[in-house]
Amino acid sequence: MTPKEAKSTSNDLSREYFDRASLIAPGGVHSPVRAFKGVGGTPIFFRSAQGGTMTSVDGREYIDFCQSFGPLILGHRDPDVADAVREAIETAWSFGASEPYSLDLAEWITSRLPWVEMLRFVSSGTEAVMSALRVARAATNRNRILKFEGCYHGHSDSLLVKAGSGLAGEAASSSAGVSENVAGETLVAPLDDEAAIRRVFDQFGAEIAAVILEPLPANYGLLIQRREFIDETIRLARANGALVIFDEVISGFRVALGGMAGVLGIQPDLVTYGKVIGGGFPVAAYGGRRDLMQLVAPVGPVYQAGTLSANPVGMRAGLATLEKVERVNAYGQLEERTAEFCDELNLNFKHRGLPFEITRAASIFWLHTAAGAAIRRIEQIPPHNAEAFAKVFHRALDRGVYLSPSGYEVNFMSLAHSDELLERAQGAILEAAENSV
Ligand SMILES: *Cc1c(COP(=O)(O)O)cnc(C)c1O
């Protein structure tokens, strides 16, 4: 370790907390990526955050590009969202009964996104996806689901699957504790491969209830898909009587107000939202065609419920976030800021012969080992990406920049990342990359 690095890595309190946390929670964390397994070392414990920065329990400040993995599109503790939350806790924070706050947020959404005729609020993306699949199965009287390798849809049993070794599309569970019977009803196809989906539909077309996809896959790196691939997937689904579910938990209200459905001009039958929709509080939703959503209890036979669903604090934080995003016209600014930031880093990587590259879509970016071509499928990710990223991650961390702690996670720009922060971050990331080869 160089003396400079030694001086800048005093994370003693974080270490102490992590030792204690490891005794009471598996791996010391409450969600796996937080444990830094992908990058090594001890996770930083954070005490506070504001705008584009977070402060650790050891008192060190970091420019934050993880942004809670996406929800904080306005940055940490945006003042308008803070006002809405304050007002909420001064009126009521949970009823378990009908209230106007979820109505406000629901009407705001349904009046802007025509493919969301009705929706139901839940508390996590996992729950939203799980419920949407249940609706799809009920609507079609079919059991199979088709998903793509490299798309993440939360941790419900049906979707913790990976491509199996057998027939086209057949899957195996990717987690212990998932019944092989449940996993076996999900089919898995590679992204970016029209011929492969055709084969799956040829064989299983009449049994597939729904095709679920992240229209912008952003949970295994950022695997930007060709338009033709998405179009062909949807064409095949429709031709075979399968529903189309867009999982926009990460892309919804992030890449544009209408998410990828809006960007592509495609109306999914069902759609799931999460992350930005709650502005940093546990809010998610599933919605879509009225006839499909009418299948949900209490009007229909599909059971789904939640003690804290449509929690008033989350509802108002979500609405305050979305209203502000719309009012200040955030998407253009965010895109411009992110493009400038990433383009300049990419230019510098190239000029200095550094083997790194940033892939970007709107305000989402992924720092990875250069592959020489667009990466659209997981096997196109360079084999040493994880190790190379781990080095850059720690060197950037030493220099006060917190990237999402895995080479397979993306990063997020917020409206609170000022020019000054971004200039500092650029310098730090560039130095980190130079010191990583
Ligand atoms: C984050 C995410 C989920 C899971 O959401 P949770 O709130 O973590 O359960 C599902 N789908 C996509 C596309 C996501 O990005």
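Helix α2 covers residues 12-24, and at 1.5 Å a residue its 13 residues should span 18 Å, which agrees with the 19 Å between its end C-alpha atoms. The expected span is 1.5 Å times one less than the number of residues. Helices are DSSP runs of H or I with at least four residues, numbered from the N terminus. This is a predicted model, in which local features need pLDDT of at least 70 and side-chain atom pairs count only at pLDDT 80 or more, while totals for chains, interfaces and linings use all residues. Residues are numbered from 1 along each chain as its sequence is written, and side-chain values use heavy atoms, with hydrogens and water left out.

**Helix α2**

- S14, F18 and A21 are the buried residues of α2 (under 20% relative accessible area, 1.4 Å probe, protein chains only).
- Seen down the axis of α2, these buried residues fall within an arc of 65°, so they line one face of the helix; the arc is taken from the directions from the helix axis to the C-beta atoms.
- An α-helix has 3.6 residues a turn, so residues three or four places apart point the same way.
- D12, D19, R20 and L23 are exposed (over 50%) on the face of α2 turned away from its buried side.

**Ligand**

- Residues surrounding the ligand (a heavy atom within 4 Å) include S124, Y152, H153, E214 and V249.
- The side chain of N219 has an N or O atom 2.9 Å from an oxygen atom of the ligand.
- A polar side-chain atom of D247 is 2.7 Å from a nitrogen atom of the ligand.
- For K275, a side-chain N or O atom lies 2.6 Å from an oxygen atom of the ligand.
- The ligand taken alone exposes 380 Å², and the protein buries 82% of that (Shrake-Rupley method, 1.4 Å probe).

Technical notes. Helix = DSSP H or I, 4+ residues; strand = E, 2+ residues; numbered from the N terminus. Polar contact = N/O pair within 3.5 Å; in protein donor to acceptor, adjacent residues only side chain to side chain.
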